[in-house]
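Hello,

Here is the structure I promised to pass on. Please open it, and then read my notes below.

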Amino acid sequence: MSSFEKGETDTFDEKEIQYEKQSDVEPLLKYEKIANDVGSCLQNDQATCMAVHSKFLCVGFKSGKTLVFDHLGNINSLASIPLHAGPINQISIDEKGEHVATCSDDGKVAVTGLVAVDNSVVIIMDRPVKSIAIDPSYYRSGSGRRIVTGDDRLTLHEKNFFSRYRSSTLHEGEGIVNNIQWRGRFLAWATAVSVRVYDIVARRTISLIKREHKRGSDWEKMRCQLYWRDDLTLVVGWGTEVKVCRVRKRYDTDIESRELPNFLVEILCLSEEFVFFLVSPKSVVIARQRDAEDHIQWLLDHGMFEEALSDVSQPSGRNLKKYSRLSIGRSYIDFLLDKDDYEKAASVCEQVLGKDKILWEQEFSKFLEKKQLRAICQFLPVDSYGILSSTVYEAVLIEFLYSDSDLFLELISKWPKNIYRVELVINETLKYISSGSNDEDITLLTALALLYINQGGYEKAMTLYLKLQRSDVFYLIQKHRLFKAALFKVSELMDLDPSQTVTLLTDNIDLFPVEVIVSKLSNQTHLLFLYLDALYQRDSRDFSRPYHNDLLNLYAEFGRGKLLPFLKTSDFYSIPNALDILKEKDFVPELIYILDRMGNIRDALDMIVTRLRDIDQAIEFCQRHDDRELWDQLLGYATDNPDFVLAILHKTGTKIDPKSLIERIGPKTEIPGLRNVLVEILRDFSIQIELEENCQKVLVGDCFNLQEKLMNLQKSSLCIEGISTCHSCSQRLIMQDEKKLMDIVMFKCNHSFHKPCLGDQVKCLICTFDPTDLQIL
């Protein structure tokens, strides 16, 4: 079936097409004006109605003429349709396209044969005729050559036996019938209030579709449009609403019980595609449903490039022939560049250009021409080896070298080194730095250091990092093993970050000889202290051993908190030297340790008591050495100090003879709390005596229990089983033959023997077995 058979006619104002083109709301249909002879005819006349057939178009004019055109608008000069005296109101064509019926306000109804004139007829009525429908089977002989006309009533005209037309009224009373459509056995017509579907065979109405009325609308002025899509499907268009009506047969039970028509009409959602032919006084237009490409075109015409890009990126967009993601994207880029929206244009480049070198360089040239490299630089493709010419990346870098050092550094940091010629950019950077007052520009120097790293000039980069005081110089040294170069920069590294420098030096002792480092730091004693201290803390191969005397002095100067642990753990410093330093510094705890280590325990105890006045430490010191004379020295200090007496009695308890201490106390010396301490000591002695007595009782009880157990064991019986064997000869102890019976000896260890097997032994052969008695034969 040709698509033109899906057509529908309507009057249409040409201004509506222009409005829809300019509107921000996307239209549902696309329009194409029919030109050629149609356009020429409309220059001097106005179209009033149109009928569409798969073979041709019929257009009625205000002048009363009706012309036949092909679908391209070319006139068919062979078709001659009678002229009416007024505007043509409706045109109807039979199924085969052989007859055309027209009506007008002049009261004339004309049926014209386009192939043969045998069945042409003109009917003169006494009133204006507003609508007409020709029998689809009009071309058949015996069809009755029927015509239906409409004015204030619906009239059926059909030939009788004598070839004369007889008229009969099918319906009236609802106003003017302004549209009639006939398909098969069903007739549909529209008035101002409703649409009726009529069974021409059964001669009865099968459905009534009332018109909806909306306030504030122009529906009263809108003509109802009818179109039979097939023998059972009627499309009703009223204003902006379209209804699809489906004719179906009723069930037999309903027909018999309620005397209903054989057919009924159901309303269906409009889902199929249609082609509309629209007529206005000065134009004839074809309206088709818009497709995906029309939608894209409308978006582009309205500057909605993002939506167009989104739609064409969907799976359905792959079938587009006219548009592609790339073509739309490039149009969008040009649109944005014209609007000076450079950032957005650059982001679209990233979306649509992919990895096409030629396309990227073409778009890059546009940004370069507009001096907008700042916008495009962040979106340039920068894979490991780049996809563009190196001159593109170099142009960007050199542009920002002179105009924006921060962005220059950012790009150097982000871009792979393989996409541009590093040496060229280094030379340009050095030239720019040396050209003026840029030699102290931190940003440019940082970028230069990164360029040196990209080039492989790691030592130059290390020098710049030290100048810039960048702590990541240590990572650079470790990663690229710049230990030899770092050896000459130890002082600068220590000034930058002593902690990281010390870690670097001590982690790589074989590469940073200790004697060299000590020599370089000899004039910076605090830094030397940090280095030797770290070396000593982690030294497992005694690299620090030759410098323990130096370290002793450094601890005394900068790290007293570590001095005493050092004195206790090291064996490679001079004790006399340490004694002199500690006396000079008057470091009492450390001096006490050295005196103790030298064996001068009495002087050490004297300092604990007299300088530190720490009786607890003094007691612990005496307990550790366990020297009677040392205890007497301590008791001597206690006689003049009541607090010492109490502390000694309380801490030592029964470890010393309390009597010897108490005897040293003068008779008139008052010692507060002495009574309680003595009571506590006596209680401790009492507890000790009680513990000894209880222990003795437990031991005596255990002795009696064990003795009783032994006696019971001696009195217990021993059993010899019939199958028991001699542990010497391995024969049964109890023989079956009475002649072979022997005496049996059983020891308390449960070992049994034949008495002859024991010989002169009186002890168990097994329990008294000595492996050394074995002789090797």
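The structure holds 31 salt bridges. Bear in mind that this is a predicted model. I picked out several of the bridges for you.

Start with R203 and E158. Their closest N and O atoms are 3.6 Å apart, and the two form a salt bridge. This pair links distant parts of the chain, 45 residues apart. R203 sits in the loop between β15 and β16 (204–210), while E158 belongs to strand β11 (residues 153–159). How exposed is each partner? R203 has 39% relative accessibility, so it counts as partly exposed. E158 is at 13%. Buried means under 20%, so E158 is buried.

Next, look at D507 and R538. Here the salt bridge has its closest N and O atoms 2.6 Å apart. D507 is in helix α18 (residues 498–507) and R538 is in helix α20 (residues 525–538). Again distant parts of the chain are linked, this time 31 residues apart. D507 is partly exposed, at 39% relative accessibility. R538 is partly exposed too, with a relative accessible area of 44%.

E629 lies in helix α27 (residues 628–638), and R602 in helix α25 (residues 601–612). The pair therefore ties together parts that are 27 residues apart in sequence. E629 reaches 51% relative accessibility. Exposed means over 50%, so E629 counts as exposed. R602, with a relative accessible area of 33%, is partly exposed.

There is also a network. Salt bridges link R330, D334, E363 and K366.

Now the helix pairs. Two packed helices are described by the angle between their axes and the distance between the axes. I have two pairs to show you.

Take α25 again, the helix that holds R602. Its partner is helix α24 (residues 588–598). The two axes come within 7 Å and cross at roughly 160°. Which way do these helices run? Angles over 145 degrees count as roughly antiparallel, and therefore α24 and α25 are roughly antiparallel to each other. The crossing is left-handed. On the α24 side, V588, L591, I592, L595 and D596 take part. They meet I601, D603, A604, M607, I608, R611 and L612 in α25. The contact residues divide into nine nonpolar, no polar and three charged.

One more residue of α25 deserves a look. V609 is in this helix. At 5% relative accessibility, V609 counts as buried. V609 and I619 are ten residues apart along the chain, and their C-alpha atoms are separated by 9.8 Å.

The other pair is α4 (residues 292–301) and α5 (residues 305–312). Their axes come within 8 Å and cross at roughly 155°. That makes α4 roughly antiparallel to α5. This crossing is left-handed. From α4, the contact is made by H295, I296, L299 and L300. From α5, it is made by F305, E307, A308, D311 and V312. Those residues divide into six nonpolar, one polar and two charged.

Two single residues remain.

The first topic is A556, in helix α21 (residues 548–558). Is A556 buried or exposed? Its relative accessibility is 8%, so A556 counts as buried. What does A556 touch beyond its neighbours within four places in sequence? It is in contact with L563, I581, K585 and F587. A556 and L582 are 26 residues apart in sequence, yet 8.1 Å apart in space, C-alpha to C-alpha.

Finally, T191. This residue is in the loop between β14 (186–190) and β15 (194–199). Is T191 buried or exposed there? With a relative accessible area of 2%, T191 is buried. Its contacts, leaving aside neighbours within four places in sequence, are E174, G175, I176, V177, N178 and W238.

Over to you.

Best wishes

Key:
Residues are numbered from 1 along each chain as its sequence is written. This is a predicted model: local features need pLDDT of at least 70, side-chain atom pairs count only at pLDDT 80 or more; totals for chains, interfaces and linings use all residues. Side-chain values use heavy atoms; hydrogens and water are left out. Helices (H or I, at least four residues) and strands (E, at least two) are DSSP runs, numbered from the N terminus. Buried means under 20% relative accessible area, exposed over 50%, partly exposed in between (1.4 Å probe, protein chains only). Contact means heavy atoms within 4.5 Å. Axes are lines fitted to C-alpha atoms, for helices over the stretch in contact, and angles run from 0 to 180 degrees between N-to-C directions. Angles under 35 degrees count as roughly parallel, over 145 as roughly antiparallel, 65 to 115 as roughly perpendicular and the rest as oblique. A crossing is left-handed if the near helix is turned anticlockwise from the far one by less than a right angle, and right-handed if clockwise. Ala, Val, Leu, Ile, Met, Phe, Trp, Tyr, Cys and Pro count as nonpolar, Asp, Glu, Lys and Arg as charged, and the others, Gly among them, as polar. A salt bridge is a side-chain nitrogen of Lys or Arg within 4 Å of a carboxyl oxygen of Asp or Glu.
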